[in-house]
Amino acid sequence: LSAEKYNVKRKNYANVHNSDINYFKSILGEERVLTDKDEVMPFNTDWLRSCRGQSQVVLKPKSTEEVSQILSYCNKKCLAVCPQGGNTGLVGGSVPVYDEIVINLMLMNKIISLDEISGALVCESGCVLENLDTYVREHNLIMPLDLGAKGSCQIGGNISTNAGGLRLLRYGNLHGSVLGLEAVKADGTVIDCLRSLKKDNTGYHLKHLFIGSEGTLGVVTKVAIHCPVLPKAVTLGFFGVKSFENILELYNSAKSSLGEILSAFEMADNTAITHTVKNLNLTNPIADYPFYVLVETHGSNEVHDGEKLSSFLEKEMQSGLILDGTVTSEPAKMHSIWNIRESIAASFLVEGYVFKYDVSLPQKHYYEIVPKLKQRLGDKASSVIGYGHVGDGNIHINVTVPQYNKEVLSLLEPFIFEEVSKVKGSVSAEHGIGFRKPQFIHFSKDSTTLDLMRDLKQLMDPNGILNPYKVLPDTN
Ligand code: FAD
Ligand code: 2HG
Ligand code: ZN
C-alpha cells in the first residue's frame, strides 16, 4: 500500500458512507458507481504496479454536469477525490493513496468538432489519444503529441500532466497546442475556457493553470487542441553511435542538415535497446553499438526528405559519427523501429522492480549521471539505463533491481536530485510530481514559488479535496 510504503498520514477527510454511495447512484445510476472490491482494484493500482490506494468507490461520469454535481457534493461533505484518466501516469498521481473517491473520465469520450481549416479539435477529456489521432488522420491532421502510452492514455490525462513525448521537439509542448479547455473546480463550478482561437489575449490565461496541475486544481472535462497537418512524407533513421559526445555532435548536424523537417531525435544506450529487444522478442535492425539514435523527419516531399536523411547518414558515416544505420520510409519498418523505442519503459518491468527518474538537464550533462549511478550502485542494481528525448534535454533513467529494495532507494534518492539541481536541471521533465516526488520538488522550485502554488491551491480548492497527497509537499 502506498500509504505504508511512503509513510504518509491520512488527512482529515470524511469517510465514504452508504448515504454517499446512494447519492452517487441517484445521479449516475447503479452501473456507473463501482463498489465491488475486485472491480475497484485496477483503479487503485498504477501502471508500474508500485502505488496502491484503498479507494472503495469509482465513479464514471458521462458529462460535465455530472462531474460538477459529484464535486459540489464531495466538497460540501469534505470527501477527497482522485481524478483519473487512462491510469498510465508514472508518478503515482493517478491512483488514490487512502480512500479518495476515483473519478474516472473514460466515458467522457465524445469528439465534439473538428475545424479542418484551423486544425482545432474539440473533444471530451476522456478520449484516448490514439483514437483521436486515428480520427484526425482521416481529415489530414495529426495530434500534436505522441507517446508510448497512446493506446490507453486520455487527452485529459495528457493535459493534466502536460505530457511531452516523442515529437515535442517539433510540435512544442501542450501549453502551446491547447487552445482552450473546460474544467470543473473543487466546488463544482464549471470554468469555461473552451475557445478554439489561436490568439486570445483577454486577461489572464487561466487554461494554463490546469495544464500540468495533475488533477490538483480541477477536473478537465473538455479540450480544444490544435492539430498540425498530416505530413505527406515520413522518414525514419536508426543509427549506431560510439559515444554520447558523438550523439550531441550528431544532433547539431541533424538540426542543420534536416532543418524544418526534423520531427524527433531520440537516444537510448546499449542496455536499454538490447534488453528491450531480448525481453520482448523484437528484432534490432542493426548490430550491437554503445548508443542508438533515432531520427525522424516529417515533411511534404518523400523523395526530397528521404534523400536528405540518406545523405545525412552517408555524410555522418564518413565522418565516423554514425557507425552503422538504416533509413526507411516503409510504414511497417518504421513501426517496428518505433516499437523498440516505445517499449523500453514496459520491457524492464519483466526484469524486476524499476526505479524511474525523468529529469531535464543541460544537454552537455545529459548522460553523465548514468555512469555515476553505475559506479555508485555496483552490483546492487541489475541494470542502469539512460534513454529519452535527447533533443529536448530530457533523460529517463531506469534502475532495475530484482525486488523493491530500500538500500538501493537510499543510494538513488536524494542523490539523483542533488546532481540534477547542481546543474540547474529539473527533477521532473515530463511525468510530473504526482505522489512520488513532492518531497523533491524543492530541488526545482524555491520556497517563494512553492508558497504561490499553495496560495493558488487554497484559492481553487480550499478544502483540499482534489488529489490530496500529490504535487505539493506537506508543510510540516
Ligand atoms: P492518468 O495516469 O490517469 O493521470 C495522470 C495525472 O493526471 C493524475 O494526477 C490524474 O489525477 C490527473 N488526471 C487525469 N485525467 C484528468 C482530468 N481529466 N482532469 C484532471 N486531472 C486528471 N509521458 C510523457 O510526458 N511522455 C512520454 O513519452 C510518455 N511515455 C509513456 C509511455 C508509457 C508506456 C507509459 C505507461 C507512460 C508514459 N508517459 C509519458 C506518462 C504520461 O504522463 C502518461 O502516459 C499520460 O500523459 C497520462 O495520461 P492518462 O490519461 O493515463 O492519465
Ligand atoms: C518514454 O519516453 C516515457 O518512453 C517513459 O516517458 C519513460 O518509463 C520511463 O522511464
Ligand atoms: Zn519520455
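Visitor: How is the chain divided into domains?

Guide: In this predicted model, the chain is split into domain 1, covering 111–226, domain 2, covering 233–345, and domain 3, covering 352–444.

Visitor: And what separates the centres of domain 2 and domain 3, how many Å?

Guide: Taken over C-alpha atoms, the centres of domain 2 and domain 3 are 24 Å apart. The contact takes 13 residues from domain 2 and eleven residues from domain 3.

Visitor: Which elements give two or more residues to the side of domain 2 that touches domain 3?

Guide: They are helix H10 (244–258), strand E11 (262–269) and helix H11 (270–279), and E11 gives the most, with five residues. By class, that side of domain 2 has nine nonpolar, two polar and two charged residues.

Visitor: Staying with H11, which of its residues are buried?

Guide: Thr-271, Ala-272, Ile-273, His-275 and Thr-276 are buried in H11, and the buried residues of this helix pack against E11, strand E12 (291–299), H13 and strand E15 (383–389). Just after H11, Asn-281 takes a positive phi of about 60°.

Visitor: H10 came up too; how do the axes of H10 and H12 cross?

Guide: The axes of H10 and helix H12, which spans residues 302–319, come within 10 Å and cross at roughly 140°, and the crossing is right-handed.

Visitor: Which residues make that contact?

Guide: From H10 there are Leu-250, Ser-253, Ala-254, Ser-257 and Leu-258, and from H12 there are Lys-308, Leu-309, Phe-312 and Glu-316. By class, the contact of H10 with H12 has five nonpolar, two polar and two charged residues.

Visitor: Switching to the ligands, how many residues surround ligand 1, and which are the closest?

Guide: Ligand 1 is surrounded by 38 residues, of which the closest are Gly-85, Gly-89, Gly-93, Gly-156 and Gly-157. The elements that give two or more residues to this shell are strand E3 (81–84), helix H6 (155–161), strand E9 (219–226) and helix H13 (331–347).

Visitor: Where does the largest share of that shell come from?

Guide: The largest share, five residues, comes from H6. In terms of domains, the shell around ligand 1 draws at least three residues from each of domain 1 and domain 3.

Visitor: And how do the residues of that shell divide by class?

Guide: The shell around ligand 1 has 14 nonpolar, 22 polar and two charged residues.

Visitor: What about ligand 2, which residues surround it?

Guide: Ligand 2 is surrounded by Leu-90, Gly-148, Ile-344, Ala-345, Lys-356, Asp-358, Gly-388, His-396 and Asn-398. H13, strand E14 (353–360) and strand E16 (394–401) are the elements that give two or more residues to this shell. By class, the shell around ligand 2 has three nonpolar, four polar and two charged residues.

Visitor: On to backbone details: which peptide bond is cis, with omega near 10°?

Guide: It is the bond from Glu-413 to Pro-414, and Pro-414 sits in the loop between helix H15 (406–412) and helix H16 (415–422).

Visitor: What is the phi of Asn-87, given that it is not a glycine?

Guide: Asn-87 has a positive phi of about 55°, and this residue is placed in the loop between E3 and strand E4 (101–104).

Visitor: Is Asn-87 buried or exposed?

Guide: Asn-87 counts as buried because 22 C-beta neighbours lie inside 10 Å, and burial requires 20 or more.

Visitor: Then where is Asn-140, and what is its phi?

Guide: Asn-140 lies in the loop between helix H5 (129–137) and H6, and has a positive phi of about 70° although it is not a glycine. This residue is exposed because 12 other C-beta atoms lie within 10 Å, and the exposed class takes in residues with 12 or fewer.

Visitor: How many residues and how many Å apart are Asn-7 and Ile-337?

Guide: Asn-7 and Ile-337 are 330 residues apart in sequence and, C-alpha to C-alpha, 41 Å apart in space.

Terms used. Residues numbered from 1 in each chain as written. Chains lettered and ligands numbered in written order. Predicted model: local features only at pLDDT ≥ 70, side-chain atom pairs only at ≥ 80, totals over all residues. Domains from an automatic or database assignment. Contact = placed C-beta atoms within 7 Å. Helix = DSSP H or I, 4+ residues; strand = E, 2+ residues; numbered from the N terminus. Nonpolar A, V, L, I, M, F, W, Y, C, P; charged D, E, K, R; others polar. Near = placed C-beta within 6 Å. Axes fitted to C-alpha atoms, helices over the stretch in contact; angles between N-to-C directions. Left-handed = near helix turned anticlockwise from the far one by under 90°.
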